[in-house]
Each structure stands twice: as C-alpha cells, then as structure tokens.
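Dear colleague,

Please find below the sequence and the structure that I am handing over to you. My notes on what was found follow directly after them.

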2 protein chains.
Amino acid sequence: MPVFLAEQLRNVGTKVFLAAGAPLDDAEWVSRLLVKANLVGHDSHGVIRVIQYVKAIQRGDINPDARTEIVKESRASALVNGNWGFGQVAARRAMEIAIRKAKENTCGTVCAYNCYHVGRLADYSLMAAESDMVGVVMANSVKNVAAYGGLDRVLSTGPLSYAFPTGGEAPFFLDIATSVVAEGKVRNTLHKGGKLPEGCIIDKNGNPSTNPADLYDGGALLPLGGDLFGYKGFGIGLVVEVLGGVLSNSGLTLMPGKKGNGLFFQAVDIESFMPVDEFKQQVTTLIQKVKSSRLRPGFTEILMPGEPEFRTEKERLKSGISVPDRTWEEIKTTAAALGLNVDSLI
Amino acid sequence: MPVFLAEQLRNVGTKVFLAAGAPLDDAEWVSRLLVKANLVGHDSHGVIRVIQYVKAIQRGDINPDARTEIVKESRASALVNGNWGFGQVAARRAMEIAIRKAKENTCGTVCAYNCYHVGRLADYSLMAAESDMVGVVMANSVKNVAAYGGLDRVLSTGPLSYAFPTGGEAPFFLDIATSVVAEGKVRNTLHKGGKLPEGCIIDKNGNPSTNPADLYDGGALLPLGGDLFGYKGFGIGLVVEVLGGVLSNSGLTLMPGKKGNGLFFQAVDIESFMPVDEFKQQVTTLIQKVKSSRLRPGFTEILMPGEPEFRTEKERLKSGISVPDRTWEEIKTTAAALGLNVDSLI
C-alpha cells in the first residue's frame, strides 16, 4: 500500500480535476478537502472519491465548470443554486455568504440545492468557527434510513455538524450521521467480511441484522437510539430532512430520482451575545472539566467531538497517507484516461 | 384520583400564582403551560409544578414579579436577563423577540439567562411554527448526564426542540432530551418500583444499571446512543451546553451553584427561502409518506414527533385531566397557605 504526503495527493487531485474541466481554484479546493478527509482518518471521503467524481463528470452528474448562483437573497439569507457543480464549491460559497451576513446581522442562514456530494460537513462548519462564529450544517442525501418502527428507507443518514471556536489548539466540531451508523461503515464491514454491532441495520423483512450484506439486499439503516429510543434519532433525522431537504429547495430524500445533497448552513456571531474571548474561555473550561471526569470501567479516555480526527491529522501529516493499492491503481487509470501520468505528479 | 377540565386547573394555577405575587398575565401564562403539559401527557411538567414553584417563590429562587430585561440587542439578536422570574415568562418574551426579528432579518437569535425552570421547550418552538417559521430551542440545566466514557455528571439532559408549520391539523415538533432518558422517567420508574431498560443509567461506580435508585445514589444518566454510539448523544449534548449554557451567558452545567435554565432560541423565516405554502405542502408529503411506510415486526404504527402529544391532548380535552390524590392534596395545602380555597375555584 503506497504512502504519500498530503501535498502529493493534493497535487494529483488538483491536476485530475483540472484535466476533467474544473477551474483551478475549484480543482484545488475539492482536492484539498478530499485529502483533508484522508488526513483526519475518514478515508471513505478521501482521494478514493477522485475516481467517483471523474466518473460523475463523464456521466454529466457533475458540471465541473458550473458557477454557483444566488437565486434569492435578503440581508441575512441566501438561497444558492449549485447548478450541479462540485458540492464542495457550492458549500464553500454558501458558508462564506453565511459568515459574511452573520457579521452584519448576527446570523446568516444559507440554503443550497442542485449540489453534488459535498463531502464532510465539518469542513464548512469549521469555516464559521475559524471566523469566531458558531457554524451549523445539515444535509439530506439519498435514502438509507428507516423511520422508527418502519421498514422502508425514507430518510438519508441526515448528517449534521456544529463547530465552535475554542481557546485551545484543537477545534471543537461535531459531524455525525443521525442514523446509528453511516452507510460507509456498513460497506467497510462488508468489505472486511465482518459483522455489525447489533442495532445498526434491519434486513428486508424489518428484522434486526448484524450481516452488512442485508443492507444492500433491501434492508435499511436504523435511526440513532435503537429499538427503544430510536424515535429520538428519527426525530433529529426529520429535522435535518426538513431543513436540509425542504427549506433548501432540494426536495425530499424519499422522492424518486432524488440526488445530491440538500444543504442548510448557519453562521451565528458570538459577539452579539458575549465577547469571543470569554466564549472561548468557557468552552475551554468545559472541555477541560469534561475530559478530566472520572472514567467508566472499560474506557481509557474521554474524547471530545473532533478530537480523534485532530489526532489522526497530526499523525498523518508526519507519517503520510496510505492509499490502498486498488484505489491507487484506479486513480492512475482515471488520470491516464485524462492524459495524465500520475507518477510524474508525485 | 380527581379529574378536572383543563380550564378548572388553569384557573387554580392562575389564582395561586397571583396570590404568590405574580402579575395576572404572567400567572395566566405559567398556569396555561403547566396545564398544557398535563393535556399533552407530560404530567411531570404539569400542575404538580404549582407546588414546586410556590416553594421556589417562598425560598426566593423565583421572583414572581420579575421583569424580563433585554441587556444586549442587535437588529437580529437579543440577550435577555430573566432576573430570576418564572422561566416561562422570560422564554415567551425571548421567542417573541426572535420571531419579530426573524420577520425583518430572516433569523432571530435570542439567548436568555437567570431563568428559573421554563417547562417544555416545545411550547416556545411551536410559537415560531405558529408564526410560519422554524422554531429552535435548546436549554442547559442541572447536571445529570455523564460524558461518553465518563462517570461524573458533567452535562444536563440537554433538551432541544424544533418545530415547523405543517399543512395538517397536527403540528410537527420535536422535544427531546439528548440523554437516553430524561430524569423524570427514572424518577417515575423509581416511584412505581420498576426497572429501567438497559443502557439508560450507570451507578456510582460507572457500571450499567437498571435500578432507578442508582441514579440518586451517585449515578448518572447516559447520553443517547448507548455504550457503542453514545459519543453521538454526548456530542449533541455538548452542542446544547455550548449554545444553551455558554452563549446564553448562563454558565456551565458542571459549575458549582449552577441553577435554572440557560436558553438559546431561534426563529427562522421560511419565506426567505420558499413560499410557506410550498414548505407546508412538502412537510405534509414527508409526513404522509413516512407514516405510510411498511412496518417492522413488533410495531403497529409510525408516529411523528409530537403526534403522541397531539392525540393525548385531543383526548384529555374531552375526558379531562386526572390529578393524583397526593398531588391534589398538596396543591390544596399550597393554596390554603396563600389564603385560597381551591374547592371554591373549581
């Protein structure tokens, strides 16, 4: 399995997207986020997507040269049409607008539709945190998750992300699916030949299953909370669906032909409520006190949201990013079809 | 167990709070919300609280005549000091401000501190929904919940509520604790002499327990998601803590002497993104399609958030509200000490 520096992979991604028709700035941005996903340990959202995105461009699902368009705007809001460009490009623009509007109006709310895959939501909520604001992102997507008590897939995994500035080195961000697990986790388990923990999926008859193959044979993911308390995850999933899907003008996950991510972004200005330094100080106190809490048997540490990613990034910035042989071969083939020799780019 | 019409109980509550020093409008509002809680089936937040609130007034924890004060304000935000009046009074004012500001600025964000118990968060998120807006409420409170992997109580049950307008008769609202269960559920189970489902609490040594008494003997509630996925509920709980506790200027749940609810409110104007009628139509479609999903074995129906409450309310508006004998006796005693004869108020 070859190992690369982040910079090398970013260069490959950028050159491939450029060759596929993206403007330089967009190619660099999308490539940066994919490699960032590898750095923080979410390889399912990493450079493996280069292959998928180029195929999507060739199929016409992504217009690599699309311009993000503001179709409706008020002092503190915007509705953005991604025009089926890279989701990452529309999402960046949307959060930039939200942050700019929040500076003048406390809260900027921006919705976006006609967006291809946006990747990790934390990339955008953290933009707000880096501007000393609270960042919120919610997305709907393709249907994967059953209702609480239901058998059919009616919701997407309904990811949501919040980020806050902290006084410390590590950012505070949450980025979770509102299903028990994300689909990628089931796929990984399937590829590794393993079993899922109980309570993650049901099979096509609605019975609990630990066999990941059952998800792809008519099954569904379950909402967070399990058999007894799944109405909570289901409820949060519905909120994400309404904000990310309905309010965004993207359409319901359960409608035939639904594709891409529907998106809801907010940036909330902290200074409207308190000095940012005081906010950071209190968040730091919260983190320190929570982390120094006594441990339950079986646990060795209390981790804050975003902390595992932060650690993995520090480590992979030094040690490099391993890319599975098969993925690397496919990236080379993808690039070659665009007239690029990947080895010469490394 | 005596049974009363909602109107009778509202009258009792209003007269008691008036006699305890509240202005008429505030007394009526607090009483209305308590009885509403009984109507929708959340008796733990119902008229039983009349007793608690009068005691809190006598102890000086509630100033029944306090005026809610705006201490910081911008075009789209306000920071509200409840001055330790009834939480319900400050919360109504805060959401009213949020709605008014959202009409002009898409999103109104209001935080509130120095608030005694506010009751059910849905009462306020629904105010936004009734104004054709999205309503968001988050609150911190007293410490009850352990960190994921931790033993000490560091967070409150971190309730959050979202509400949306719908085209239909029933409102759409979510109002949940981000712990597996709320503290009231454990207390009820204790009083009934029952056992909790697995995964709700830990005992003072951090071991899983189904004995509700263990919560009150140094134990803690667990965050939503259980032993494997509790980092999700913990993460959402932290978000509620930061918005409801830090941004609200209320202080961290885990700090000594913390009391009352810290509050975060948002109203988001739908018209900034799409015609409200279209929004309602899509939400109605979502509800209909989700509810008509095929069922899993063991389930008889798919219920939307807020639907059980809506049904109970319809039924109790007809059949009346049963008040346990002991609660009713205590209400009578509480009223008598204020010079009121409850029987003459019914």
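In what sense do S4(B) and strand S13 (residues 261–269) of chain B pair, and over how many bridges? The two strands pair in the antiparallel sense, over 7 bridges. Please bear in mind throughout that this is a predicted model.

**The sheet of chain B**

S4(B) and S13(B) belong to an open sheet of 7 strands in chain B, ordered S2-S3-S4-S13-S5-S8-S9, with mixed pairing. S2 and S9 of chain B stand at the edges with a single partner strand each, so one side of each has no neighbour in the sheet. From one strand to the next, the twist averages 10°.

B:Thr109 stands opposite B:Gln266 in S13(B), and B:Ala112 has B:Leu263 as its bridge partner in S13(B). S13(B) is also joined to S5(B), by 8 bridges, and these two strands run antiparallel. Here B:Val136 has B:Gln266 as its bridge partner in S13(B).

How many of the residues of S13(B) are buried? The count is 9 of the 9, so the strand is largely enclosed by the rest of the structure. Both faces of S13(B) are covered. On one side, B:Asn261, B:Leu263, B:Phe265, B:Ala267 and B:Asp269 are buried, and on the other B:Gly262, B:Phe264, B:Gln266 and B:Val268 are buried.

**The sheet of chain A**

Chain A likewise has an open sheet of 7 strands, in the order S2-S3-S4-S13-S5-S8-S9 and with mixed pairing. Its edge strands are strand S2 (69–74) and strand S9 (172–176) of chain A, each of which pairs on one side only. The twist in this sheet averages 10° from one strand to the next. Strand S5 (residues 133–140) of chain A pairs with strand S13 (residues 261–269) of chain A in the antiparallel sense, over 8 bridges. Within that pair, A:Met133 has A:Asp269 in S13(A) as its bridge partner.

**Helix H7 on the two sheets**

H7(A) packs on the sheet of its own chain, where it touches S5, strand S8 (160–164) and S13 of chain A, and its direction makes about 90° with that of S5(A). Helix H7 (residues 226–246) of chain A also packs on the sheet of chain B, touching S8 and S9 of chain B, with its direction at about 135° to that of S9(B).

The helix of the other chain can be described in corresponding terms. H7(B) packs on the sheet of chain B, touching strand S5 (133–140), S8 and S13 of chain B, and its direction makes about 90° with that of S5(B). H7(B) also lies across S8 and S9 of chain A, running at about 135° to S9(A).

**The contact between the chains**

The contact takes 64 residues from chain B and 64 residues from chain A. On the chain B side, strand S2 (69–74), strand S3 (77–81), strand S4 (107–115), strand S8 (160–164), strand S9 (172–176), helix H7 (226–246) and helix H8 (276–291) each supply at least two residues. H7(B) gives the most to this side, with 10 residues. The residues of the chain B side divide into 38 nonpolar, 17 polar and 9 charged.

How are the two copies related?

**Domains of chain A**

Chain A is divided into domain 1 (1–64 + 320–346), domain 2 (66–173 + 230–274) and domain 3 (181–221). The centres of domain 1 and domain 2 of chain A, taken over C-alpha atoms, are separated by 24 Å. Between these two domains, 14 residues of domain 1 are in contact with 12 residues of domain 2. Helix H2 (residues 24–39) of chain A provides the largest share of the domain 1 side, 7 residues. The residues of that side divide into 8 nonpolar, 3 polar and 3 charged.

With kind regards

Terms used. Residues are numbered from 1 along each chain as its sequence is written. Chains are lettered from A and ligands numbered from 1 in the order in which they are written. This is a predicted model: local features need pLDDT of at least 70, side-chain atom pairs count only at pLDDT 80 or more; totals for chains, interfaces and linings use all residues. Two residues are in contact if their C-beta atoms, placed from the backbone, lie within 7 Å. Helices (H or I, at least four residues) and strands (E, at least two) are DSSP runs, numbered from the N terminus. Ala, Val, Leu, Ile, Met, Phe, Trp, Tyr, Cys and Pro count as nonpolar, Asp, Glu, Lys and Arg as charged, and the others, Gly among them, as polar. Domain bounds come from an automatic or database domain assignment. Two strands pair if DSSP finds at least two bridges between them. Axes are lines fitted to C-alpha atoms, for helices over the stretch in contact, and angles run from 0 to 180 degrees between N-to-C directions. A residue is buried if 20 or more other C-beta atoms lie within 10 Å of its own, exposed if 12 or fewer, and partly exposed in between; C-beta atoms are placed from the backbone.
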